[in-house]
Amino acid sequence: DTTVKQNPRYKLARVGKPVNLICSQTMNHDTMYWYQKKPNQAPKLLLFYYDKILNREADTFEKFQSSRPNNSFCSLYIGSAGLEYSAMYLCASSRGGLGYEQYFGPGTRLTVL
Amino acid sequence: GDSVTQTEGLVTLTKGLPVMLNCTYQTTYSPFLFWYVQHLNEAPKLLLKSSTDNKRTEHQGFYATLHKSSSSFHLQKSSVQLSDSALYFCALSERNMGYKLTFGTGTSLLVDP
């Protein structure tokens with residue numbers, strides 16, 4: 001099974017409220033990624049876990065948190081949502097190393113009002 | 001840093017015609033290049049990948065050749081079908097950036113009957 005699952009598929013949040021998105025995979029991949037996708041823009045990497053080590057991109061360092069309680073699950077946490085967080089959030093997983101395919105989930109569409 | 005450029009935002013074609021979607025990239029390291037396809041309401045899926053200079057790679061009727069001399073990895077198909085209507089992303093990965101994917105903005109391909 002090469003499915004990456006994301007919950008929820010749609011999320012409505014209020015400005016200033018927290019948001020928690022969930023991703024799971026059963027392929028025993030050591031690396032899990034979170035990307036943000038806005039209309040007419042390229043998917044942008046926010047952070048990734050290699051095993052238990054979290055790597056966050058420099059320009060989004062303070063905006064997003066994540067946890068990976070076990071190999072299969074990874075969350076993306078926004079402490080205080082702003083309008084600019086409205087986007088599609090894509091989770092992906094892969095084996096670590098150059099050239100390995102990343103398997104994507106269907107995404108969570110977050111709308112902040 | 002690394003970058004990927006896809007010059008066409010939308011390509012509209014009649015079924016049966018050939019198509020080429022452009023992809024150029026910038027990196028100072030030896031890259032892996034990928035094409036991902038995303039159909040409506042589905043997860044992005046890998047279509048093609050390559051790291052070998054001047055070697056054509058093919059899958060599901062699509063093909064691409066990595067040309068390091070011109071930093072290009074254009075996607076082609078000789079005869080498009082209605083089912084090819086989707087969003088196509090070009091992306092690169094290289095060792096120095098921790099194997100993350102750097103995406104282009106994507107090209108929407110719309111095939112008319």
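In chain B, Leu92 (B:Leu92) stands opposite B:Thr102 in E11(B). This is a predicted model, in which local features need pLDDT of at least 70 and side-chain atom pairs count only at pLDDT 80 or more, while totals for chains, interfaces and linings use all residues. Residues are numbered from 1 along each chain as its sequence is written, chains are lettered from A and ligands numbered from 1 in the order in which they are written, and side-chain values use heavy atoms, with hydrogens and water left out.

**Strand E10 of chain B and its partners**

- Strands, written E, are DSSP runs of at least two residues, numbered from the N terminus; two strands pair if DSSP finds at least two bridges between them.
- E10(B) and strand E11 (residues 102-103) of chain B are antiparallel and share two bridges.
- Strand E12 (residues 107-112) of chain B pairs with E10(B) in the antiparallel sense over three bridges, and B:Tyr88 faces B:Thr107 in E12(B).
- Strand E5 (residues 32-38) of chain B runs antiparallel to E10(B), joined by seven bridges; here B:Phe32 stands opposite B:Ser93.
- Seven of the eight residues of E10(B) (residues 86-93) are buried, so this strand is largely enclosed by the rest of the structure. Buried means under 20% relative accessible area, exposed over 50%, and partly exposed in between (1.4 Å probe, protein chains only).

**An open sheet in chain B**

- Four strands form an open antiparallel sheet in the order E3-E9-E8-E7.
- Strand E3 (19-21) and strand E7 (56-59) of chain B are the edge strands, each pairing on one side only.
- E3(B) and strand E9 (residues 75-77) of chain B are linked by three bridges in the antiparallel sense, with B:Leu21 opposite B:Leu75.

**Cysteines**

- Over all chains there are two disulfides, a disulfide being a pair of cysteine sulfur atoms within 2.5 Å.
- A:Cys23 and A:Cys91 form a disulfide with an S to S distance of 1.9 Å. The pair links distant parts of the chain, 68 residues apart, with A:Cys23 in strand E3 (residues 19-25) and A:Cys91 in strand E9 (residues 87-94) of chain A.
- The torsion about the S-S bond of A:Cys23 and A:Cys91 is about -80°, so this disulfide is left-handed.
- In chain B, the sulfur atoms of B:Cys23 and B:Cys90 are 1.9 Å apart in a disulfide. B:Cys23 lies in the loop between E3 and strand E4 (24-26) and B:Cys90 in strand E10 of chain B, so the pair ties together parts 67 residues apart in sequence.
- A:Cys74 is buried at 1% relative accessibility, and its sulfur is 5.9 Å from the closest cysteine sulfur, in A:Cys91, too far for a bond.
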